Amino acid sequence: MGGTGRAVRLNRVKDWSPSTWQAMPALQQPEWPDTAGLDRALKQVASYPPLIFAGEARALRASLAQVAAGNAFLLQAGDCAESFEEFSAVNIREKLRVILQMAVVLTYSLGVPVVKVGRIAGQFAKPRSSPFETIGDLELPSFRGHIVNAAAPTEAARIPDPDRLVQAYHQAASTLNLLRAFTKGGFADLGRVHAWTQEFVASSPEGQQYEKLAEEIERALRFMRACGVDIEATHNLHEVDVYTSHEALLLGFEEALTRQDTLTGGWYDCSAHMLWIGERTRQVDGAHVEFLRGVGNPIGCKVGPSMEGADLLELCEALNPTREPGRLTLITRMGADRIEAGLRPLLAAVRDAGHPVVWVCDPMHGNTITSQSGRKTRDFEAICAEIDGFVRAHHAEGTWPGGIHIELTGDNVTECTGGTDKILDSQLDDRYETVCDPRLNGRQSLDLAFHVAEMFRSSGLV
Ligand code: PEP
Ligand code: CO
């Protein structure tokens with residue numbers, strides 16, 4: 001028997017197939033009234049080409065192994081929920097621009113490679129705390145993301161519609177297509193570092209700080225050229241890798257895009273490079289953990305304030321029994337006032353058990369509050385404070401604060417309060433456009449990147 005046969009046996013996960021999750025309790029799945037339609041839609045998606053290639057997922061895993069080892073930083077960012085309505089080239093480009101800007105600030109300031117992963121090209125499905133929500137005096141089934149139902153406040157809009165699964169596939173495919181074009185076709189060229197600034201950002205303090213940094217980068221490039229370095233031939237300066245990720249919530253959809261890699265025989269969920277398990281579906285004996293334990297992609301798991309060390313170790317064992325660096329990213333989201341004390345015992349437990357995880361701070365989901373006007377919001381100060389607590393906890397335990405996980409948009413929205421333009425509660429109605437959680441706008445996002453850089457510097461981490 002040749003080497004391929006051996007590889008096939010080695011890369012299969014024990015007692016697992018893409019459908020073994022179906023025997024386990026699966027929380028947060030919509031009740032699709034049209035079961036024949038659901039079946040048809042899933043078969044259709046299963047017949048379509050994969051969105052990503054297994055080799056790309058392995059490349060991301062290798063980059064994340066560098067983060068786990070403390071030699072790189074992960075920036076994971078994008079929408080809370082992508083919208084079927086706000087779907088345009090401009091929207092994708094603006095989001096990419098702010099991610100590239102943040103990445104350049106972080107790379108330059110931290111002096112390590114920044115692994116860029118978007119919450120994009122598939123981040124549609126939303127878990128909900130309650131199956132019903134009250135709007136005015138109507139009690140309606142909850143909005144679950146455009147891959148399931150529509151947000152309009154009517155009974156009809158909230159009925160899960162299986163055709164949306166097919167539409168989500170197509171939107172993810174064309175978003176990814178444009179991302180690949182932008183990142184490989186010149187838009188992300190480091191020589192264009194000035195061109196990523198949006199007009200509404202340029203005149204702000206953080207915009208000016210960014211301009212200064214961009215000038216320094218240009219000077220460094222000129223210096224390298226003058227020294228005889230062939231800048232044109234150095235492809236890392238002209239292209240970037242931006243990977244895709246989303247919460248693997250709708251397991252039927254994820255199963256339909258799970259394919260066997262012909263090179264290794266392993267299974268990969270080809271709906272995105274990286275998939276994560278949400279805070280509400282991380283039960284170790286649940287369907288989401290069962291599904292993701294068997295795919296070869298790098299995976300993430302949210303870690304909220306109720307997580308105990310023993311449960312976390314069980315999860316690490318289930319999701320990464322062979323302890324491969326880069327395979328598992330733990331995304332903490334505890335809230336600014338709980339993070340430092342809550343995280344330290346978890347860091348110690350995972351470190352002492354020898355699990356080589358990537359630790360990432362999601363400073364958004366533990367800091368969501370309802371404003372006086374009734375809008376869901378997050379305050380910029382609380383977001384910074386959670387990151388600070390995260391960094392301090394790592395510093396104390398001797399572990400590497402590997403990255404941040406952010407909800408943002410490139411646009412000039414008013415969804416989170418605070419920041420240098422001091423968005424007030426009373427201004428939230430001006431441009432509140434998210435279909436789910438409140439996002440940082442372009443200025444606040446850039447400001448946050450500078451804040452992280454400063455926090456790392458002042459902690460002596462870089
Ligand atoms: C999210 O990332 O949008 C989300 C719902 O997060 P969590 O599972 O941490 O609540
Ligand atoms: Co969210």
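**Figure 1. Thr-409 in the loop between strand S14 and helix H13.** In this predicted model, Thr-409 sits in the loop that runs between strand S14 (403–407) and helix H13 (442–458). The relative accessible area of Thr-409 is 3%. Since buried means under 20%, Thr-409 counts as buried. Leaving out residues up to four places away in sequence, Thr-409 touches Lys-95, Val-98, Arg-439, Leu-440, Asn-441, Gly-442 and Ser-445.

**Figure 2. Val-391 in helix H12.** Helix H12 covers residues 380–397, and Val-391 is part of it. Val-391 has a relative accessibility of 1% and counts as buried. Apart from neighbours within four places in sequence, the residues in contact with Val-391 are Pro-401, Met-455, Phe-456, Ser-459 and Leu-461. The view also takes in Gly-403, which is 12 residues from Val-391 in sequence. The C-alpha atoms of Val-391 and Gly-403 are 9.7 Å apart in space.

**Figure 3. The largest nonpolar core of the chain.** This core has 125 residues. Leu-330 and Trp-359 are the residues with the most contacts inside the core. Helix H4 (residues 89–110) supplies the largest share of the core, 11 residues. In soluble globular proteins, nonpolar side chains tend to be buried together.

Figure 4. Along the principal axes, the C-alpha atoms fill a box of roughly 70 × 60 × 45 Å. Of the 462 residues, 56% count as buried. Contacts between residues at least 6 apart in sequence join residues at least 24 apart in 76% of cases.

**Figure 5. Surface and charged side chains of the chain.** The accessible surface of the chain comes to about 18600 Å². Carbon and sulfur atoms account for 52% of this surface. The chain carries 45 positive and 60 negative side chains. The centres of the positive and negative sets lie 4 Å apart.

Notes
Residues are numbered from 1 along each chain as its sequence is written. Chains are lettered from A and ligands numbered from 1 in the order in which they are written. This is a predicted model: local features need pLDDT of at least 70, side-chain atom pairs count only at pLDDT 80 or more; totals for chains, interfaces and linings use all residues. Side-chain values use heavy atoms; hydrogens and water are left out. Buried means under 20% relative accessible area, exposed over 50%, partly exposed in between (1.4 Å probe, protein chains only). Contact means heavy atoms within 4.5 Å. Accessible areas come from the Shrake-Rupley method with a 1.4 Å probe; for residues, only the protein chains shown count as cover. Lys and Arg count as positive and Asp and Glu as negative; His and the chain ends are not counted. The place of a charge is taken as NZ of Lys, CZ of Arg, CG of Asp or CD of Glu. A nonpolar core is a set of buried Ala, Val, Leu, Ile, Met, Phe, Trp, Tyr and Cys residues joined through side-chain atoms within 4.5 Å. Helices (H or I, at least four residues) and strands (E, at least two) are DSSP runs, numbered from the N terminus.
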